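Here are my notes for you on this model, point by point. Have the picture open while you read.

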There are 2 protein chains.
Amino acid sequence: MDIKHVTVAGAGVLGSQIAFQIAYRGFDVTVWLRSEESVDRARPRLERLRRTYLETLEAMKTDTNAYSRGLVDSPHVTASQLDQLKERVERAAGSIRLTTSYEEAGRQADLLIEAISENPDDKIAFYEKMANHLPENAIIATNSSTMVPSRFAKFTGRPERYLAMHFANQIWRRNTAEIMGHPGTSKEVFDEIVEFAKAIAMIPLVLHKEQPGYILNTLLIPFLAAAEQLIVDEVADIETIDKTWMLATGAPVGPIRSMDIIGLRTMFEIGNLDKRAKDPGSVQGRIQRMLKQHIDRGETGVESGKGFYSYQKRV
Amino acid sequence: MDIKHVTVAGAGVLGSQIAFQIAYRGFDVTVWLRSEESVDRARPRLERLRRTYLETLEAMKTDTNAYSRGLVDSPHVTASQLDQLKERVERAAGSIRLTTSYEEAGRQADLLIEAISENPDDKIAFYEKMANHLPENAIIATNSSTMVPSRFAKFTGRPERYLAMHFANQIWRRNTAEIMGHPGTSKEVFDEIVEFAKAIAMIPLVLHKEQPGYILNTLLIPFLAAAEQLIVDEVADIETIDKTWMLATGAPVGPIRSMDIIGLRTMFEIGNLDKRAKDPGSVQGRIQRMLKQHIDRGETGVESGKGFYSYQKRV
């Protein structure tokens with residue numbers, strides 16, 4: 001595995017987590033941002049991640065539930081080892097470079113992880129521009145949740161060195177990387193990214209073929225849509241729906257609480273991808289209307305203190 | 001709650017469990033069976049349940065994992081209390097009456113639970129015949145998994161006293177009862193069945209409206225169908241698919257192992273309900289072909305020692 005210098009494009013919720021985790025695992029990280037305003041938004045996000053990583057490591061000294069697989073390989077770890085890992089957090093926080101320059105972002109990159117907005121035109125423009133500044137051997141990985149890599153491969157200047165690597169929110173805890181090539185991705189590049197995923201403490205989840213939604217969202221989206229249908233058709237109370245799933249499968253949460261965790265804005269965006277949602281009388285249309293009503297009231301899920309359920313606000 | 005005498009029609013896998021659990025909880029139970037051959041098949045099934053209940057209660061003395069909510073209200077129970085419950089098992093096993101007579105089955109019943117084969121014509125013929133032998137005030141509940149009660153209400157002679165009460169396999173452990181009326185079910189009857197569910201140590205899961213598949217299968221079927229699509233499209237290895245779900249949601253099993261537990265014959269029957277499965281080139285058609293190949297090789301799931309996964313045969 002020859003990857004040493006990594007550039008992450010975009011520092012939204014996931015981009016900032018990806019950058020921080022990679023730096024934490026000892027790689028040299030540059031973050032590319034579209035504008036100085038984006039830089040100003042990125043700094044406090046990275047600072048919050050620094051605190052979250054430090055607090056999580058501290059909590060692991062006394063609370064077994066705090067264990068986060070992305071931070072340390074085993075839950076059996078001493079307080080002094082955790083203190084050493086805190087130093088690693090500080091080094092990571094101090095080492096990440098932010099830039100708006102394509103040239104600076106591209107020059108040294110062995111791997112570019114694209115985590116910019118889910119807008120295809122923006123992605124194409126970004127790839128075309130960045131292609132001129134990357135070393136010939138650089139690999140490009142997209143973190144896109146909703147678009148498959150074959151859609152963009154030809155704009156990257158290196159289709160055989162382009163693939164998707166999809167992270168989960170709260171990367172330090174939910175340390176999975178779904179890895180998916182397009183038909184033209186070289187096996188060598190694919191394998192190198194699997195190795196890289198392990199090196200940054202991710203569990204690689206290998207896809208053999210392109211699949212919109214990868215594995216997780218392919219399973220999750222129809223499951224959550226079924227729960228949404230039960231809600232809009234008023235078949236049962238939300239507590240009953242969740243309880244049914246938890247009792248039958250042993251899962252720690254049901255689908256409706258899961259949606260509150262994912263966030264109702266995200267659920268609404270996913271719902272809009274379904275063309276049937278345009279018909280206001282369809283199940284999908286009624287689901288979108290229900291979600292919009294929640295969002296308009298500020299009930300966007302756990303984060304806001306209220307979604308389908310009410311949550312105690314964090315103090 | 002005025003229910004004392006309960007008749008269970010049918011003693012297949014679920015019918016026998018329903019009858020045994022109700023007798024275990026102290027109700028007077030008659031089992032109606034279509035023929036003497038059915039009676040001969042029912043006896044060893046009930047005998048196996050007697051042993052399973054006794055073994056589970058014995059195991060609960062030393063193994064916290066053996067705890068079964070249908071057998072005792074709390075896991076904090078002494079060995080002598082468990083021995084008393086074993087006596088209750090013996091009394092239940094000795095008390096269940098089997099009959100092929102409609103008259104004998106109907107005469108005293110406060111509640112008739114219909115758990116015969118999932119064939120609509122059989123159900124209609126049964127309801128029409130039994131209606132003549134039941135007391136006027138008797139309630140009828142169907143355990144049908146696939147058909148809604150409005151389809152049969154008019155054949156029962158008491159549509160307002162008819163509804164669905166749907167149990168899970170391994171009733172003593174997975175002690176849920178999904179309770180669903182049709183538009184004509186009286187509220188009083190519905191509430192009485194909720195009370196009855198509690199009295200037989202079930203957790204009642206209340207549906208406000210008719211919904212094919214109730215709550216659980218409404219959630220489960222599209223979720224499992226998505227996993228089947230990932231398999232037939234060879235998107236990822238079965239272990240990876242299950243691991244993705246377990247890591248992301250904290251669930252104790254993934255969808256593919258769940259299908260092995262449910263059984264591939266049942267999955268095949270569910271798949272046949274989807275009209276698209278008739279087209280062999282469709283995803284649904286390819287899924288049915290894959291399931292049939294497993295079934296033809298005797299790989300029907302956990303029960304046979306092999307399904308999608310291999311299992312150690314029980315000795």
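**Notes on the model**

1. Let's begin with one residue in chain B. B:Glu228 has a relative accessible area of 6%, so it is buried (buried means under 20% relative accessible area, exposed over 50%, and partly exposed in between, using a 1.4 Å probe and protein chains only). You'll find B:Glu228 in helix H7, residues 216–232 of chain B; helices are DSSP runs of H or I with at least four residues, strands are runs of E with at least two, and both are numbered from the N terminus.

2. Who touches this residue? Setting aside neighbours within four places in sequence, B:Glu228 is in contact with B:Met259, B:Met267, B:Ile287 and B:Leu291, where contact means heavy atoms within 4.5 Å. B:Ile22, on the other hand, is 206 residues from B:Glu228 in sequence and 36 Å away in space, C-alpha to C-alpha.

3. A word on how to read all this. This is a predicted model, in which local features need pLDDT of at least 70 and side-chain atom pairs count only at pLDDT 80 or more, while totals for chains, interfaces and linings use all residues. Residues are numbered from 1 along each chain as its sequence is written, chains are lettered from A and ligands numbered from 1 in the order in which they are written, and side-chain values use heavy atoms, leaving out hydrogens and water.

4. Now step back to chain A, which has 11 helices and eight strands. Its radius of gyration is 20 Å, close to the 20 Å that the globule rule gives for 315 residues, so chain A is as compact as a globular protein of that length. (The radius is taken over C-alpha atoms, and the rule is 2.2 Å times the number of residues to the power 0.38.) Along the principal axes, the C-alpha atoms of chain A fill a box of roughly 55 × 50 × 40 Å.

5. How much of chain A is buried? Of its 315 residues, 54% count as buried. Take the contacts in chain A between residues at least 6 apart in sequence: 67% of them join residues at least 24 apart.

6. Next, the rings. The count over all chains comes to 25 aromatic pairs: rings of Phe, Tyr and Trp (its six-membered ring) pair if their centres lie within 6.5 Å, with planes under 30 degrees apart called stacked, over 60 edge-to-face and the rest tilted. A:Phe126 and A:Tyr127 make a tilted pair, 6.0 Å centre to centre with 55° between the planes. A:Phe126 is buried at 1% relative accessibility, and A:Tyr127 is buried at 1% too.

7. In chain B, the ring centres of B:Trp32 and B:Tyr102 are 4.9 Å apart and their planes meet at 45°, so this pair is tilted. The pair links distant parts of the chain, with B:Trp32 in strand S2 (residues 28–32) and B:Tyr102 in helix H4 (residues 102–107), 70 residues apart. B:Trp32 is buried at 2% relative accessible area, and B:Tyr102 is buried at 18%.

8. A:Glu234 has a phi near 55°, a positive value in a residue other than glycine. A:Glu234 lies in the loop between helix H7 (216–232) and helix H8 (238–249) of chain A, and is exposed, with a relative accessible area of 53%. B:Ala201 also has a positive phi, near 65°, but B:Ala201 is buried at 9% relative accessibility.
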